[in-house]
Amino acid sequence: MSIILRAPATPSAPELLLRPWRDDDRDALIAAHQDPVLRSRTRNPLTTAAEADHWLAQAGQGWQAGDWLTFAVCEPNPHGGHRPVANVVLKNLAPGRPDAEVGYWTAAPARGRGVAGRAVDAVSRWAFARFAELTRLDLMHQIDNPASCRVAEKAGFEFVEVLPARPPFPRDGHRHVRHATSTERGAPAIRA
């Protein structure tokens with residue numbers, strides 16, 4: 001995939017580059033999933049190279065099908081290039097459907113620095129510009145994850161409701177919503 005999005009630098013944080021995951025990201029993906037917090041919040045933590053390869057293959061298939069678009073969120077690497085530090089996914093896309101869902105995770109070293117909020121905002125803006133029929137994005141998380149409430153708020157999502165627990169989620173959750181604005185709909189996509 002040649003889609004590259006950017007979240008501008010802030011006074012305290014570098015520019016983020018968002019792109020589809022690649023096979024050579026496997027080690028970064030496995031390293032991120034070693035974090036106990038991420039593992040506790042993820043339904044399918046990746047612990048082996050085979051699991052990571054399977055996840056990367058599914059991510060590629062999602063891009064080909066156009067219904068599960070997952071972005072590696074990358075920061076500049078001090079040794080050159082960029083390294084993945086987070087993931088944002090746009091899921092449940094379907095032709096003619098006015099809504100979809102945004103999900104994300106952040107690797108431990110990138111937490112608390114505004115990475116997730118900036119990345120979710122960049123993907124949301126791109127999605128509204130790219131998919132003319134898309135008018136609403138949902139962001140859902142378990143109720144015991146207040147950091148995700150802050151991410152949702154920073155990315156322009158408003159709290160809408162508490163959702164009751166249901167498998168595979170053991171706890172109640174929050175649903176946050178972001179509606180497309182007139183300036184986002186049909187705006188030029190954010191690309192490199």
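Tutor: Let's start with a term: a salt bridge is a side-chain nitrogen of Lys or Arg within 4 Å of a carboxyl oxygen of Asp or Glu. Keep in mind that this is a predicted model.

Student: Okay, so why is the pair R22 and D24 called a salt bridge?

Tutor: Their side chains meet at 3.1 Å, N to O. The cut-off is 4 Å, so the pair qualifies.

Student: How many salt bridges does the structure hold?

Tutor: It holds 17. One of them joins D138 and R175, with the closest N and O atoms 3.1 Å apart. D138 lies in strand β6 and R175 in strand β8, so the pair ties together parts that are 37 residues apart in sequence. Both D138 and R175 are buried. These two also belong to a network of salt bridges that links R97, D99, R136, D138, E161 and R175.

Student: How do you know that D144 and R171 meet in a salt bridge?

Tutor: Set their N to O distance of 3.2 Å against the limit: it has to be within 4 Å, so they pass. D144 sits in the loop between β6 and α5, while R171 sits in the loop between β7 and β8, so this pair ties together parts 27 residues apart in sequence.

Student: Switching topic, why is L16 called buried?

Tutor: L16 is at 0% relative accessibility. Buried means under 20%, so L16 counts. You'll find L16 in strand β2, touching residues including L5, V73, C74 and V115.

Student: And what makes the link between T70 and N87 a polar contact?

Tutor: Their side chains are joined at 2.6 Å. T70 itself is in strand β3 and, at 1% relative accessibility, counts as buried.

Student: Which residues have the most contacts inside the largest nonpolar core?

Tutor: L18, L90 and W126, in a core of 34 residues. Its largest share, nine residues, comes from α4. Apart from it lies another core of 15 residues, among them L17 and A72. In soluble globular proteins, nonpolar side chains tend to be buried together.

Technical notes: Residues numbered from 1 in each chain as written. Predicted model: local features only at pLDDT ≥ 70, side-chain atom pairs only at ≥ 80, totals over all residues. Heavy atoms only, no water. Helix = DSSP H or I, 4+ residues; strand = E, 2+ residues; numbered from the N terminus. Buried < 20%, exposed > 50% of the residue type's maximum accessible area, 1.4 Å probe, protein only. Contact = heavy atoms within 4.5 Å. Polar contact = N/O pair within 3.5 Å; in protein donor to acceptor, adjacent residues only side chain to side chain. Core = buried A, V, L, I, M, F, W, Y, C linked by side-chain atoms within 4.5 Å. Lists of a residue's contacts leave out its neighbours within four places in sequence.
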